[in-house]
Amino acid sequence: GYWLTLEEEIPDDIEKDIQCQIKDAETTTSKKEDLIEIKSWLEEEKDLLINFHNKFFKKVFDQRTRVESWAEVIKEYCSKNNRILKREPEYPLEIERVANDLEENTIPAKEKKAKSK
């Protein structure tokens, strides 16, 4: 939810910031030609920032999809093979590592029950 909120709010923040800078330029710039140039430059900067924002969040959400697929692979493997994780992975790279070596990172479910008695 946090990333979705950021994705939605940042473009508005960029727009507000650019508008504030334009207002500042209008009050401090005496030459009309300079003001036109500043406004044009700020609009270009806004477009660049929005473009970077979109690319960044595309990568974030693509990575989230990859992590979710690794987690699904782990879940299916454990379910089909009656195994449990030795340790619950918390971070994306840990989840990837576990998904890439399921045998090493899991133990038979019966073995764990025997140890706990």
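Tutor: The account below takes the core and then turns to a loop residue. This is a predicted model, in which local features need pLDDT of at least 70 and side-chain atom pairs count only at pLDDT 80 or more, while totals for chains, interfaces and linings use all residues. Residues are numbered from 1 along each chain as its sequence is written, and side-chain values use heavy atoms, with hydrogens and water left out.

A nonpolar core is a set of buried Ala, Val, Leu, Ile, Met, Phe, Trp, Tyr and Cys residues joined through side-chain atoms within 4.5 Å; buried means under 20% relative accessible area, exposed over 50%, and partly exposed in between (1.4 Å probe, protein chains only). The largest such core has 10 residues, namely Val67, Trp70, Ile74, Tyr77, Cys78, Leu85, Ile95, Val98, Ala99 and Leu102. Two or more residues come from each of α2 and α3 (92–100), and α2 gives the most, with five. Helices (H or I, at least four residues) and strands (E, at least two) are DSSP runs, numbered from the N terminus.

Within this core, Tyr77 is in contact (heavy atoms within 4.5 Å) with Arg83, Leu102, Glu103 and Thr106, leaving aside neighbours within four places in sequence.

Asn82 lies in the loop between α2 (32–81) and β1 (83–85). Asn82 counts as partly exposed because its relative accessible area is 45%. The phi of Asn82 is near 50°, a positive value in a residue other than glycine. Most residues other than glycine have a negative phi.
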